[in-house]
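Please open the structure in your viewer and keep the selection tool at hand. The tour below goes from one selection to the next and says what is there.

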Amino acid sequence: MRENRFKEALLNPAEFPVTWELVPGRGAKEAAQEKALALASQAAAGKKILALTLTDNPGGTPAMSADFMGCEILKLGIEPLVHFTGKDKNRNQSESQLYALDRAGVRNLLVMSGDYPVSGFQGRPAPVFDLDPVHTLQLITDMNRGLTYPGIKGNVTHQPGDFFPGAVVSPFKATEAEQMGQYYKLKKKIDGGAQFIVTQLGYDARKFHEVLLFMKQNGLNIPLVGNVYILPFGAAKMMNRNDLPGSVVTDKLLADIDRERNDPDKGEGARILRAARLYAVLKGMGYSGVHIGGHNIKYEQVEEIIRQGEALAPEWTGLIRHFDYPIDGGFYYFERDPDTGLNQEARTRLQDRPLDAEIECAYGFSRFFHQLMYEPGRNLYGVMKGLCKKVQGSRVEGFFHKLEHLTKVALFDCRDCGDCALIDAAYLCPMSQCPKNQRNGACGGSFQGWCEVYPGKRKCVYVRAYARLKKHGEQEQMEKNIVPPCNWDLYQSSSWINYYLGKDHTSKKQT
């Protein structure tokens, strides 16, 4: 089997691998694709970069398939790292895509939810999000073991795959609910099979240190790769407005970059130096590698960042002051260390902090009826189970289902999927109230607690769920029990019957 230099280097503490992000662009034989391949050829020849990451329809607009471009780049003698998302395909298409990648020898995958689709042929496309990143990682892990599924003559087991899947995390969130949601989902991603983690984009040294310390304290012993973005003023302005969800550029940083563009070189030297300093800080902290990104970047600039970064790395502690860009009033999981400017190992007392979202009276109502009806051995559980047995298959089942659905539409905006996840999200429906249908926690696109798709209009459903659970000291429930993808066999059927008669994921979890 061909060696995977990226994997070997990332798992080797003595090495510090660099990846570089290329954007395939929209089209097949246009300038963007030719440029990406030309840059890939330079990177392969230069041997400073161990993998080229390829974006999957960034910004929610169509682009050349990252898979196909990965196959082209592999022929050049350098490892591709393909962004693998679930936004445009269901689970069957994801499996098909993985078979093709496995056969082509494209093994490095960065699994994420993906940007919400915003434009396409004759209008906005329908988002899919059938699998969230945790589910996709589980699928890839099963394929690496040899995927087993029922066939006509019994179970069929495939030959094992050789994927090296990673996932992403954002330590740069403003609120406690957002940040803790990111860390809880990080644990699920690693449980699902992530073998390395890449951070989202930000410029706060304390936050880079925070996620490293969080992983260490929680025994999450896999490589962590830091995101180093070469930041010009235009991109910084977009990120400051949250036009690129998940990327954090504060007002202070934007002002500094605005001043730098008045330099004789229009700020290019300052951009390269900032990236090199961050490279050095991340290496000094103990990161396993860095991911370099940026728009219209030349290969020579990437080499210069590596050269300067390596030279600066021995003095990394003196560079921390250059990354003092906190979000105003932002949350930190650890107390600040005044000596280093990073973090102490002492955690912030979460119980002393206010809730980040209002809690509607409907939640108290839901908790009361949950304890009354849905906990085995309690009060009305046996009555409801007996009723559902009688109703199933009878002439009144349709009426029973409609009554349930109308009740849940009024209370929870129910979409009648039949495999209900209300219990998993503090009685907030991720299928109707999360545009990305994330069943295991928030995506990385929220901003100041607001949903990526509806900024300023809707709070992220998992910010609301965290507040509800925290009020009762139960917020750590969000890191437990991976919620499986919706079983669409149960669509438009009674979730009450499915629960009490052992058909849905919640009832199966209890047995």
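Begin by selecting L54 together with V82, because V82, in strand β3, is the bridge partner of L54, where strands, like helices, are DSSP runs numbered from the N terminus (E, at least two residues, for strands; H or I, at least four, for helices). Before going further, note that this is a predicted model, in which local features need pLDDT of at least 70 and side-chain atom pairs count only at pLDDT 80 or more, while totals for chains, interfaces and linings use all residues. Residues are numbered from 1 along each chain as its sequence is written, and side-chain values use heavy atoms, with hydrogens and water left out.

Now widen the selection to residues 51-54, which are strand β2, and to β3, since the two run parallel and are joined by 4 bridges (strands pair if DSSP finds at least two bridges between them).

Next, keep V82 selected and find L109 in β4, which stands opposite V82. Strand β4, residues 108-112, pairs with β3 in the parallel sense over 5 bridges, and with helix α4, residues 91-104, these two strands make a right-handed β-α-β unit.

Then show the side chains of β3, residues 79-85, where 7 of 7 residues are buried (under 20% relative accessible area with a 1.4 Å probe, protein chains only; exposed is over 50% and partly exposed in between). In a regular strand the side chains alternate between the two faces of the sheet. In β3, E79, L81, H83 and T85 point one way, and P80, V82 and F84 point the other way.

For the aromatic rings, of which the whole structure holds 23 pairs (ring centres within 6.5 Å, using the six-membered ring of Trp; planes under 30 degrees apart are stacked, over 60 edge-to-face, the rest tilted), select F368 and F369, an edge-to-face pair at 5.2 Å centre to centre with 85° between the planes. F368 is partly exposed at 48% relative accessible area, and F369 is also partly exposed, at 29%.

Finally, zoom out to the protein chain, which has 18 helices and 12 strands.

Technical notes:
Right-handed = clockwise from strand over helix to strand, strands pointing away.
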